[in-house]
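Here's a quick briefing to read alongside the model. Have the viewer open and click through as you go.

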Amino acid sequence: WMATAAKDGTVDNLTKALEAEEDSAKKATLYLKRGRRSAYDQNYKSSIADFEAGLALVEGKPEVQATMETNDYARLLEWTGMARHWQYDLDGALQCYNNCFELDSSNVEIIVKQAGVQMDGNKQDEALTLFDQALALDPNSTDALLHRANLYMLRQDVPKAKADLDLCLKLKPGHILARLR
């Protein structure tokens with residue numbers, strides 16, 4: 001995502017493009033790009049505002065969503081979900097991730113993010129089901145393995161946590177977070 005954010009341009013250039021744009025779909029895509037770039041620049045307050053503004057332009061308007069570039073509506077939902085998750089708006093984050101999943105049901109990262117929200121909401125059974133679903137789609141997802149290991153540790157199931165961490169390190173020997181566990 002960082003390379004994409006850098007390639008999208010500077011916040012100033014994206015702001016100029018936003019000010020000149022009148023089409024709602026294109027404007028929502030520009031909010032996505034500027035929000036992502038602001039996150040890249042570690043200006044999270046601005047990124048959150050941009051993701052929310054972009055989503056507000058297209059929410060409930062399938063005809064506008066359909067005219068957005070490539071998969072930008074799904075990415076806008078994903079980033080807005082992350083922004084809401086950062087603010088501990090778990091219901092809002094889960095709503096965005098669920099809507100994103102409807103558009104992109106083979107995206108393991110979205111399923112892991114859904115599971116993360118469930119974990120943060122202390123819904124461990126739901127989180128475990130989602131981690132298992134993600135790993136059924138991609139058994140080599142180190143992100144899903146690492147986070148499921150964290151869940152197993154919360155449940156004090158050390159053998160399962162260790163098995164997930166061992167597999168994670170086998171797949172990605174330099175995975176620092178897995179090594180910390």
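Is Leu-165 buried or exposed? Leu-165 is buried, at a relative accessible area of 8%, and you'll find it in helix H11. Keep in mind that this is a predicted model.

**The nonpolar core**

- The largest nonpolar core counts 48 residues, and Leu-55, Val-58, Met-68, Leu-76 and Phe-131 have the most contacts inside it.
- Eight stretches of helix each put at least two residues into this core: H3 (24-40), H4 (44-58), H6 (72-86), H7 (90-103), H8 (108-120), H9 (124-137), H10 (142-154) and H11 (158-171).
- Leu-76 sits in helix H6 and counts as buried because its relative accessibility is 0%, where the cut-off is under 20%.
- Leaving aside residues up to four places away in sequence, Leu-76 touches Ala-28, Leu-32, Phe-51, Gly-54, Leu-55, Val-58 and Met-68.

**H9 against H10**

- The axes of H9 and H10 come within 10 Å and cross at roughly 150°.
- That angle makes H9 roughly antiparallel to H10, because angles over 145 degrees are put in that class.
- The crossing of H9 past H10 is left-handed.
- On the H9 side, the contact is made by Gln-124, Ala-127, Leu-128, Phe-131, Asp-132, Ala-134 and Leu-135; on the H10 side, they meet Ala-144, Leu-145, His-147, Arg-148, Leu-151, Tyr-152 and Leu-154.
- By type, the residues of this H9 and H10 contact split into 10 nonpolar, two polar and two charged.
- Phe-131, one of the H9 residues in this contact, is also among those with the most contacts inside the core.

**H10 against H11**

- H10 and H11 pack at an angle of about 160°, with 8 Å between their axes.
- H10 is therefore roughly antiparallel to H11.
- H10 passes H11 in a left-handed crossing.
- From H10 come Thr-142, Leu-145, Leu-146, Arg-148, Ala-149, Tyr-152 and Met-153, and they meet Lys-160, Ala-161, Asp-164, Leu-165, Leu-167, Cys-168 and Leu-171 from H11.
- The residues of the H10 and H11 contact divide into 10 nonpolar, one polar and three charged.
- Leu-165, buried at 8% relative accessible area, is one of the H11 residues in this contact.
- Leu-165 and Asn-150 are 15 residues apart in sequence, and their C-alpha atoms are 9.1 Å apart in space.

- Which phi value does Gln-42 have? Phi of Gln-42 is near 65°, a positive value in a residue other than glycine.
- Gln-42 belongs to the loop between H3 and H4 and is exposed, at a relative accessible area of 59%.
- Gln-156 also has a positive phi without being a glycine, in its case near 60°.
- Look for Gln-156 in the loop between H10 and H11, where it is exposed, with a relative accessible area of 70%.

- Gly-92 lies in helix H7 and is buried, with a relative accessible area of 7%.
- The C-alpha atoms of Gly-92 and Ser-38 are separated by 21 Å, with the two residues 54 apart along the chain.
- Where does Asp-104 lie? Asp-104 is in the loop between H7 and H8.
- Asp-104 counts as buried because its relative accessibility is 18%, and the cut-off is under 20%.
- From Asp-104 to Leu-14 the C-alpha separation is 26 Å, and the two are 90 residues apart along the chain.
- Leu-76 and Val-117 are 41 residues apart in sequence and 17 Å apart in space, C-alpha to C-alpha.

Notes
Residues numbered from 1 in each chain as written. Predicted model: local features only at pLDDT ≥ 70, side-chain atom pairs only at ≥ 80, totals over all residues. Heavy atoms only, no water. Core = buried A, V, L, I, M, F, W, Y, C linked by side-chain atoms within 4.5 Å. Buried < 20%, exposed > 50% of the residue type's maximum accessible area, 1.4 Å probe, protein only. Helix = DSSP H or I, 4+ residues; strand = E, 2+ residues; numbered from the N terminus. Axes fitted to C-alpha atoms, helices over the stretch in contact; angles between N-to-C directions. Parallel < 35°, antiparallel > 145°, perpendicular 65-115°, else oblique. Left-handed = near helix turned anticlockwise from the far one by under 90°. Contact = heavy atoms within 4.5 Å. Nonpolar A, V, L, I, M, F, W, Y, C, P; charged D, E, K, R; others polar.
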